[in-house]
Amino acid sequence: MNSISLLTPTGHSLAVTASGSGPALMLLHGFPLNHRMWLSQLAELSQHFHVIAPDFRGFGQSLLGDTDYSLPDLADDVEFVRTRLASDAPFVLCGLSMGGYVAFEYWRRYGQHLAGWILTNTKPQADDDAARSARVKMAEVAVEKDAWTAVHPMIAKLLVDADVEANPIAHDVHGMLRNCTADAVAASQRAMARRADFTEHLSSMRLPTLVLTGEHDAIAPPQATRDWSAQIPSAVFDIVPGTAHLPPLENPQFFNNAVLDFLRDTLGLL
Ligand code: MLT
């Protein structure tokens, strides 16, 4: 596994972890996490693929830079990483939650590069007023108090078993939350609050698509996820058993098998 730092044309220093060789599979993490949420995928899927896991601006080892970015800016970062690390290979994008919101923006701007994509524990809808106010509030708490106070209540929603003492996965997730900075939390909440609505575009997403969510995910619930995925013409939908918002960590065996089946049977990349 290699960790490298790339400087984007807009002057942002991005940390990228990569492993393996072959067709490129880029993994986009959720909020408020970083590439470490993909360690099982970096280990296992890299036996067949060039797995690439960037840290979004301000998370993990990536620097925040200016605090007023948008999700289209993050899609530009993804395209920059692709051109630097995977420009010759078939390219598959996998985005979880906030990573999925960025994947939608990537599709709009650079969809011609996608051989297929995986949208997991995410949604195409923009925020309603209540969700937008909650994000503004979280940004205020982060800046006026601290990042931990703002993000730690989320852990109960991220995992089925959020017991930090007894569950090593909860311990890892807790560590990622502990590493967040106030400015990164505030900037990403503001960017997500302003994100576009992709519901109207679902029927024109004519590319091989796998949609996953967790059996117990309250943020991207199974029925709602099944409903929107049915509007994407060729989407395959599946539910990851025994998981909430983080199936790649909570049930990596099922998650990785679902991804490998898609890459082999639908995309013919294995
Ligand atoms: C995530 O996991 O990225 C967040 O739940 C996304 C969000 O806050 O909408």
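**Figure 1. R264, at 37% relative accessibility, counts as partly exposed.** Partly exposed is the range between buried (under 20% relative accessible area) and exposed (over 50%), with a 1.4 Å probe and protein chains only. A salt bridge here is a Lys or Arg side-chain nitrogen within 4 Å of an Asp or Glu carboxyl oxygen. The model is predicted: local features need pLDDT of at least 70, side-chain atom pairs need pLDDT 80 or more, and totals for chains, interfaces and linings use all residues. Residues are numbered from 1 along each chain as its sequence is written, and side-chain values use heavy atoms, without hydrogens or water.

**Figure 2. R57 and D77 pair by a salt bridge at 2.8 Å, N to O.** R57 sits in the loop between β4 (50-54) and α2 (71-85), and D77 sits in α2, so the bridge ties together parts 20 residues apart in sequence. Helices are DSSP runs of H or I with at least four residues, strands are runs of E with at least two, and both are numbered from the N terminus. R57 and D77 are both buried. The whole structure holds 10 salt bridges.

**Figure 3. D76 and R109 meet in a salt bridge, with N to O at 3.1 Å.** This pair links distant parts of the chain: D76 belongs to helix α2 and R109 to helix α3, 33 residues apart. D76 has 25% relative accessibility, so it counts as partly exposed. R109 has 38%, and therefore also counts as partly exposed.

**Figure 4. The largest pocket holds about 530 Å³ of space.** Of its 23 lining residues, R135, M138, M154, K157 and I219 are closest to the centre. A pocket is an open set of points on a 1 Å grid over the protein atoms alone, reached by a 1.4 Å probe, with protein on both sides within 12 Å along at least five of seven lines; lining residues have an atom within 4 Å of a point. Its volume is the space filled by probe spheres set on the points, which are joined across faces, edges and corners. Helices α3 (98-110), α4 (129-144) and α8 (182-193) each give at least two lining residues. The largest share, 4 residues, is from α4. The lining has 13 nonpolar, 4 polar and 6 charged residues. Nonpolar covers Ala, Val, Leu, Ile, Met, Phe, Trp, Tyr, Cys and Pro; charged covers Asp, Glu, Lys and Arg; polar covers the others, including Gly.

**Figure 5. The ligand is surrounded by G30, F31, S97, M98, Y101, R135, M154, M192, I219 and H245.** Each of these has a heavy atom within 4 Å of the ligand. A polar backbone atom of F31 is 2.6 Å from a ligand oxygen. From S97, a polar side-chain atom lies 2.9 Å from a ligand oxygen. From Y101, the corresponding distance is 2.6 Å, again between a polar side-chain atom and a ligand oxygen. R135 also belongs to a salt-bridge network with D127 and R195.

**Figure 6. The second largest pocket has a volume of about 150 Å³.** β8 (235-240) and α11 (252-266) are the elements that give two or more lining residues. Helix α11 gives the most, with 8. Residues of the lining include L210, V236, F254 and D265. By class, 6 are nonpolar, 3 polar and 3 charged.

How values were computed:
Polar contact = N/O pair within 3.5 Å; in protein donor to acceptor, adjacent residues only side chain to side chain.
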